[in-house]
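Welcome! Here is a friendly tour of one structure, starting with its open spaces and ending with a helix.

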Amino acid sequence: MAAIMEPFKSEIHFQSGVFSPAQVVLRRTISQTHSLYADAKAAQHILASEPDRLIYEVYTTDLPEEEGHILHCTTVIYPGRVGEEYHMTKGHFHARREQGEVYLGLAGRGYLLMQTAEGDVRALSMETGTAAYVPPYWAHRTVNVGDEPFIFFAAWAGEAGHDYVTIEQHGFRKLIVHRNGQAELADNPRYG
């Protein structure tokens with residue numbers, strides 16, 4: 001018989017995204033994410049002037065990435081843009097494509113950008129109180145389109161895993177950009 005895990009609780013500060021106790025904190029800066037942005041010149045300019053610009057942080061507890069567990073975290077995407085594109089997460093498919101995920105907006109405004117392997121795209125706007133579902137077989141990334149941190153809670157099956165490589169190699173077919181004073185969906189010139 002497997003060892004029985006002890007129940008536990010976490011506290012989430014909605015306005016900061018701090019997940020306590022946070023046993024794992026992942027921080028992504030422009031130096032780690034610059035290649036995700038379509039405007040390579042704008043990304044290089046930021047990288048040259050502020051290489052440690054914080055794009056996003058993820059706060060999570062340390063749970064086994066295996067069947068039976070529900071992994072969960074908070075993500076804080078800081079406001080800003082690289083060229084016309086808003087700050088965003090790397091984005092990923094699940095390694096086990098048949099697994100879904102749930103997001104809950106805690107603070108700020110953003111989008112959940114999703115895409116199938118065939119290139120079908122959906123963009124769901126999110127704000128405080130928005131619950132969004134990522135169905136199986138959809139890659140997903142989140143984007144901050146506001147002037148304050150966009151903070152959300154996410155939960156997914158422990159066995160889902162992450163496939164970041166597919167998105168790193170091909171990107172998303174659409175981008176969320178700042179045009180005409182608002183967020184718009186635009187074609188990604190680097191898709192493919």
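## The largest pocket

The largest pocket holds about 510 Å³ of space. Its lining is made of 27 residues, and Val58, Cys73, Trp156, His162 and Tyr164 come closest to the centre. A pocket here is an open set of points on a 1 Å grid over the protein atoms alone, where a 1.4 Å probe fits, with protein on both sides within 12 Å along at least five of seven lines; lining residues have an atom within 4 Å of a point. The volume is the space filled by probe spheres set on the points, which are joined across faces, edges and corners.

Strands β3 (24-29), β4 (54-60), β5 (70-77), β8 (101-107), β12 (139-144) and β13 (150-157) each give at least two residues to this lining. Strands (E, at least two residues) and helices (H or I, at least four) are DSSP runs, numbered from the N terminus.

## Helix α2

Helix α2 covers residues 40-49, and its Ala42, Ala43, Ile46 and Leu47 are buried (under 20% relative accessible area, 1.4 Å probe, protein chains only). Seen down the axis, the buried residues of α2 fall within an arc of 135° and so line one face of the helix; the arc is taken from the directions from the axis to the C-beta atoms. They pack against α1 (30-33) and β6 (81-82), with contact meaning heavy atoms within 4.5 Å.

On the other side of α2, Lys41, His45, Ala48 and Ser49 are exposed (over 50%).

## About the model

This is a predicted model, in which local features need pLDDT of at least 70 and side-chain atom pairs count only at pLDDT 80 or more, while totals for chains, interfaces and linings use all residues. Residues are numbered from 1 along each chain as its sequence is written, and side-chain values use heavy atoms, leaving out hydrogens and water.
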